[in-house]
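Open the model in your viewer and keep the selection tool ready. The tour goes from stop to stop, and each stop names what to select.

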Amino acid sequence: MKWHILGAGAMGNLFATRLLQAGQDVSLILRQPNPEGYYQLHCLEGKARRTYTLTAQSASADEAICRLLITTKAYDTQAALASVADRLTPDATLVLLQNGMGQHQTVQQQHPSADVWGAVTTAGAWRPQPDELVCVAAGETHIGPFTAETAALPAGWTALTPAPIYVQDIQTALWRKLAINCAINPLTALHRCHNGKLVENPEFYQQMQQLCDEIETLTHSLGITLFATDLIDQAAKVAQATADNRSSMLQDICHGRPTEIEFITGYVCSQADQLGIDLPCNKALLSQVRALSAT
Ligand SMILES: NC(=O)c1ccc[n+]([C@@H]2O[C@H](COP(=O)([O-])OP(=O)(O)OC[C@H]3O[C@@H](n4cnc5c(N)ncnc54)[C@H](OP(=O)(O)O)[C@@H]3O)[C@@H](O)[C@H]2O)c1
């Protein structure tokens, strides 16, 4: 089975290697592929080093796209997908493996006959150089149909290692990841601190608590059960477990890159607005991070 991957960054390359290892044919869609049509990727995972040869093509290549994994940042989804829209088969499978919410609905509306999937992962990876990938956490990946009515994973995904976890209710999985991201990422960006500081510093912890309380007010109204315990407990657990990490939002701000804030806190605030619910702490944080973010 052939998978095209749009968004050849850390996650795109990580899942390219996983799909390759699972025996899938993979081609990454790059803004500027080299003329050879392939590149070597050196991967480091724990002590294991492996080199993969990955096929690459441009968005304007002729090949039809039946299965597309989208791993751009959330804010690049629409433009990236538009660049290959004329290559998509009418019933193409589109898997969005990204943080944030809102982009799934947009993709679904723009490609009503496509089979749209959502996926969230706790895997962690980064690229010290364009031809290097460091996988820091194999993580768990939850995937579920956004539009399709099926209990079967997309072609080839059953053979991935680690095995993805199929969830019928991907909306709740997306909300769980979103809620944790809302509690941690913008605050670390604002305070320019590692995740662990949010539990160590009483003032930061109180802010995290307020954000979590507001998000739970919203999710209760939406009929979504986030976790068996309070969101603040889950967020504190994640912040502690990733104490030495600098969130992607903090890194984006430090490097002068755009952030995913509109698809994280921005999404939560817009959902609350539609229901007439006020989320003052999340709204204030949204404005503060917007002011820090490159556009
Ligand atoms: N990295 C992690 O550990 C991790 C963990 C969990 C979730 N996530 C989520 O996964 C998603 C991807 O994150 P990431 O860290 O992999 O991001 P990333 O390294 O920045 O990769 C995104 C890639 O998308 C490409 N792209 C953007 N617009 C494009 C277009 N129009 N055509 C072709 N390629 C395009 C970028 O290409 P250029 O380089 O040419 O701009 C870049 O290579 C995000 O939503 C992130 O929050 C990441």
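How do the residues of the lining of the second largest pocket divide into nonpolar, polar and charged? There are nine nonpolar, three polar and four charged residues. Here Ala, Val, Leu, Ile, Met, Phe, Trp, Tyr, Cys and Pro count as nonpolar, Asp, Glu, Lys and Arg as charged, and the others, Gly among them, as polar.

Before selecting anything, note that this is a predicted model, in which local features need pLDDT of at least 70 and side-chain atom pairs count only at pLDDT 80 or more, while totals for chains, interfaces and linings use all residues. Residues are numbered from 1 along each chain as its sequence is written, and side-chain values use heavy atoms, with hydrogens and water left out.

**Stop 1: the pocket**

The second largest pocket has a volume of about 220 Å³. Select Thr17, Gln21, Cys43, Glu45 and Tyr52, which are the closest to its centre among the 16 lining residues. Then colour helix H1 (10-21) and strands E3 (38-45), E4 (48-58) and E9 (132-137): each supplies at least two residues of the lining. Helices (H or I, at least four residues) and strands (E, at least two) are DSSP runs, numbered from the N terminus.

The search uses a 1 Å grid over the protein atoms alone; a pocket is an open set of points with protein on both sides within 12 Å along at least five of seven lines, a cavity is a set where a 1.4 Å probe fits but cannot get out, and lining residues have an atom within 4 Å of a point. Grid points are joined across faces, edges and corners, and a volume is the space filled by probe spheres set on the points.

**Stop 2: two domains**

Colour residues 2-168 as domain 1 and 172-292 as domain 2; such bounds come from an automatic or database domain assignment. The contact (heavy atoms within 4.5 Å) takes 15 residues from domain 1 and 13 residues from domain 2. Between them the domains bury about 1,400 Å², 67% of it on carbon and sulfur atoms. Buried area is the accessible area (1.4 Å probe) that two parts lose on being put together, summed over both. Now select Tyr75, Asn99 and Met101 in domain 1: they lose the most area to domain 2, together 50% of what that side buries.

**Stop 3: salt bridges and a cavity**

A salt bridge is a side-chain nitrogen of Lys or Arg within 4 Å of a carboxyl oxygen of Asp or Glu. The structure holds seven, and the count between domain 1 and domain 2 is one. Select Lys73 and Asp252, a salt bridge whose closest N and O atoms are 3.4 Å apart.

Both residues also line the largest cavity, together with Asn185, Ser248, Met249, Glu260 and Ile264. About 40 Å³ of space lies in this cavity. Helix H8 (residues 248-254) gives the largest share of the lining, three residues.

Next, go to Lys197 and Glu200, another salt bridge, with its closest N and O atoms 3.3 Å apart. The two are separated by about one helical turn because they are three residues apart in helix H5.

**Stop 4: the backbone**

Select Thr161 and Pro162, which are joined by a cis peptide bond with omega about -10°. Pro162 is in the loop between strand E10 (141-145) and strand E11 (165-166). Finish at Arg192, a residue other than glycine with a positive phi, near 50°. Arg192 is in the loop between helix H4 (170-191) and helix H5 (197-200).
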